[in-house]
Amino acid sequence: RDLAEESVVLSRSENAIIVCALCTDALAQTPADEAEIYKLVLGAMTFESLGSPFTRHALSASTFDPGTFWRSLDEDVIKSVPYLHPRTRLTYARPETVENFLEVIAREKPLPKALAKLPGFLLIDRKRAQSMTARGDWDKFAGDNRLAPGSVGVSRIGFDKSRSQALVYVIFSCGSVCGHDTFVMLERGGT
């Protein structure tokens, strides 16, 4: 089954997308299931083509750690600006899901190999992309591979204990002042 066709975007608010997966096995525990979760997450997103005729984007082949900023916040800052930290911002997610997310994101890992076949994306190693950019080769590579401007990155997946709720952070970067980021929460239907 195509899980992307069996999901419904419930709401978009506070820079978050909540997706309800109607398929009960979408949040299981194997690497293949992680690939399905990433497919649902990326399928729920729209990434700009920025005037390009191409709609395919580079997708970092490994997860990234978005928590550096959050770990640097002290309690006074969090109290004065609570929306800056996931613990106080993500009121729609179970606290255990947020805690697991904050724990696992610090350890980056390769994305599941099944995502190499994901339409709309080209998996590319982050170091290779940085090297091409530093040498001035990125534009040629992007043109040869029919890539739209910008690249996409995803965090590791945080789960609640029952694995019925999942939380992922997604970033779209298209320049020094261009892009967006968001949390995506998936919840198994019927819970």
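Over which ring does the charged end of R163 sit? The charged end of R163 lies over the ring of F159, 3.7 Å from the ring's centre, where a charge is taken to sit over a ring if NZ of Lys or CZ of Arg is within 6 Å of the ring centre and within 35 degrees of the ring normal.

1. Basis of the note. This is a predicted model, in which local features need pLDDT of at least 70 and side-chain atom pairs count only at pLDDT 80 or more, while totals for chains, interfaces and linings use all residues. Residues are numbered from 1 along each chain as its sequence is written, and side-chain values use heavy atoms, with hydrogens and water left out.

2. Overall make-up. The protein holds seven helices and eight strands, these being DSSP runs numbered from the N terminus, with helices (H or I) of at least four residues and strands (E) of at least two. Of its 191 residues, 43% count as buried, where buried means under 20% relative accessible area, exposed means over 50%, and partly exposed lies in between, with a 1.4 Å probe and protein chains only. Among contacts (heavy atoms within 4.5 Å) between residues at least 6 apart in sequence, 66% join residues at least 24 apart.

3. The largest pocket. The largest pocket has a volume of about 490 Å³ and is lined by 19 residues, of which S60, R126, S151, V152 and S173 lie nearest its centre. The elements that contribute two or more residues to this lining are β3 (56–60), α6 (126–135), β5 (147–154) and β7 (165–175), and β5 gives the most, with five residues. By type, the lining divides into ten nonpolar, eight polar and one charged residue; here Ala, Val, Leu, Ile, Met, Phe, Trp, Tyr, Cys and Pro count as nonpolar, Asp, Glu, Lys and Arg as charged, and the others, Gly among them, as polar.

4. How the pocket is defined. On a 1 Å grid over the protein atoms alone, a pocket is an open set of points where a 1.4 Å probe fits, with protein on both sides within 12 Å along at least five of seven lines, and lining residues have an atom within 4 Å of a point. Grid points are joined across faces, edges and corners, and the volume is the space filled by probe spheres set on the points.

5. V152, one of the residues nearest the pocket centre. V152 belongs to strand β5 and is buried, with a relative accessible area of 3%. Leaving aside residues up to four places away in sequence, V152 touches L42, F47, H57, A58, L59, S60, F121, V170, I171 and F172.

6. Aromatic pairs. The structure holds nine aromatic pairs, counted where the ring centres of Phe, Tyr and Trp (its six-membered ring) lie within 6.5 Å, with planes under 30 degrees apart called stacked, over 60 edge-to-face and the rest tilted. F64 and Y169 form a tilted pair, 6.2 Å centre to centre with 55 degrees between the planes; F64 lies in the loop between β3 and α2 (68–71) and Y169 in strand β7, so the pair ties together parts that are 105 residues apart in sequence. Both F64 and Y169 are buried.

7. Ring pairs link F64, W70, F101, Y169 and F183 into a cluster.

8. Helix α5. The buried residues of α5 are T97, V98, F101, L102 and V104, and what covers them includes α2, α4 (86–89), β6 (158–159), β7 and β8. E96 is also found in α5 but is partly exposed, with a relative accessible area of 32%. Not counting residues up to four places away in sequence, E96 touches F159, D160, K161 and S162.

9. Backbone points to check. L50, in the loop between α1 (31–43) and β3, has a positive phi of about 50 degrees although it is not a glycine, and L50 is partly exposed at 44% relative accessible area. R146, in the loop between α7 (138–144) and β5, has a positive phi of about 55 degrees and is likewise not a glycine; at 53% relative accessibility, R146 counts as exposed.
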